[in-house]
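Here is a short report on one protein chain. Look at the sequence and the model first, then read on.

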Amino acid sequence: MSFKTKKYQVMRGAISKELANFIFNYMMIQRDAVDLMVKTNKVNPSNPFMGNRVDQQIPGAYSKYADWAMETLLMYMIPIMKAQTGMELVPTYSFTRLYEKGNILHRHKDRPSCEVSTTLHLGGDEWPIFIDPTGADFVTGKRNNDDGAYEEIPQLKPGAPKGIKIDLKVGDMLIYAGCALEHWREPFEGNVCSQVFLHYNHAKGPFAKTHFLDKRPILGVPQK
């Protein structure tokens, strides 16, 4: 069954384990360096170019929007994404997180810059992602559509499916229709897990022009 039919698919070995490990360690160094600089008042803790721990979706987790290496990966993966999905795609943005023990990714759908999304496991402990293939809306809660985050903890309607559990090894990637399918992760029981999200839109879809590069002038810069 193709991506167009079921709106998600797993790509094993999307990047090599060696490249994934390189990027994982690159992000770990950044996290530790930023933590130290924030602790010693060397940088503003919300500096977007440094990455930070003020992620609205996963409070306390180190994350980085549009890291230059990840933006390069975003572009590098375009022909691979086209081959996997059978779609013409335009890039929007990249987003990287280093999850820590106890983190939860609440059930949600993504904002308009994420019509075709990926989550790629870079390293650390494995942490399965769940996806509801029905496309229904089972989450209630006030949502800020500008950044996709919920302003309050979302609640589930009765009868919400448990979803399909997807395990990713280092270098594996889940491709999914982020705006169409609810997805989430249960509480993380490991120590650290690094994932990079690469987001794209349909080249001829309703958001191709309005959300091109996530409304940025060029790659590698913050959204605002």
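His211 sits in the segment after E12. Here helices (H or I, at least four residues) and strands (E, at least two) are DSSP runs, numbered from the N terminus. This is a predicted model, in which local features need pLDDT of at least 70, side-chain atom pairs count only at pLDDT 80 or more, and totals for chains, interfaces and linings use all residues. Residues are numbered from 1 along each chain as its sequence is written, and side-chain values use heavy atoms, with hydrogens and water left out.

Is His211 buried or exposed? His211 has a relative accessible area of 12%, so it is buried. Buried means under 20% relative accessible area, exposed means over 50%, and partly exposed is in between (1.4 Å probe, protein chains only). Leaving aside residues up to four places away in sequence, His211 touches Thr92, Pro112, Ser113 and Asn201. A contact means heavy atoms within 4.5 Å.

## The whole chain

The protein chain has four helices and twelve strands. Its C-alpha trace spans about 50 × 40 × 35 Å along the principal axes. A compact globule of 224 residues would have a radius of gyration near 17 Å, and the protein chain agrees with 17 Å. That radius is taken over C-alpha atoms, and the globule rule is 2.2 Å times the number of residues to the power 0.38.

Of the 224 residues, 49% count as buried. Among contacts with a separation of 6 or more, 82% join residues 24 or more positions apart. The protein chain exposes about 10900 Å², and carbon and sulfur atoms supply 57% of that area. Such areas come from the Shrake-Rupley method with a 1.4 Å probe; for residues, only the protein chains shown count as cover.

## Helix H4

Which residues of H4 are buried? In this helix (residues 78-85) they are Ile78, Met81 and Thr85. They cover an arc of only 60 degrees around the axis, which puts them on the same side of H4. The arc is that of the directions from the helix axis to the C-beta atoms. Pro79 and Ala83 are exposed, on the face turned away from the buried side of H4.

What covers the buried residues of H4? The cover includes helices H1 (3-6) and H3 (68-76). It also includes strands E3 (89-100), E5 (116-124), E10 (173-176) and E12 (192-202). Just after H4, Gly86 takes a positive phi of about 75 degrees.

Most residues other than glycine have a negative phi. Asn41 has a positive phi near 60 degrees, and Leu213 has a positive phi of about 55 degrees. Asn41 is in the loop between helix H2 (17-39) and E2. Leu213 is in the segment after E12.

| Residue | Relative accessibility | Class |
|---|---|---|
| Asn41 | 70% | exposed |
| Leu213 | 7% | buried |
| Ser63 | 4% | buried |

## Ser63 in strand E2

Ser63 lies in strand E2 (residues 62-65). Beyond residues up to four places away in sequence, Ser63 touches Gly51, Asn52, Asp55, Phe95, Thr96 and Arg97. How far apart in space are Ser63 and Val139? They are 24 Å apart, C-alpha to C-alpha, and 76 residues apart in sequence.
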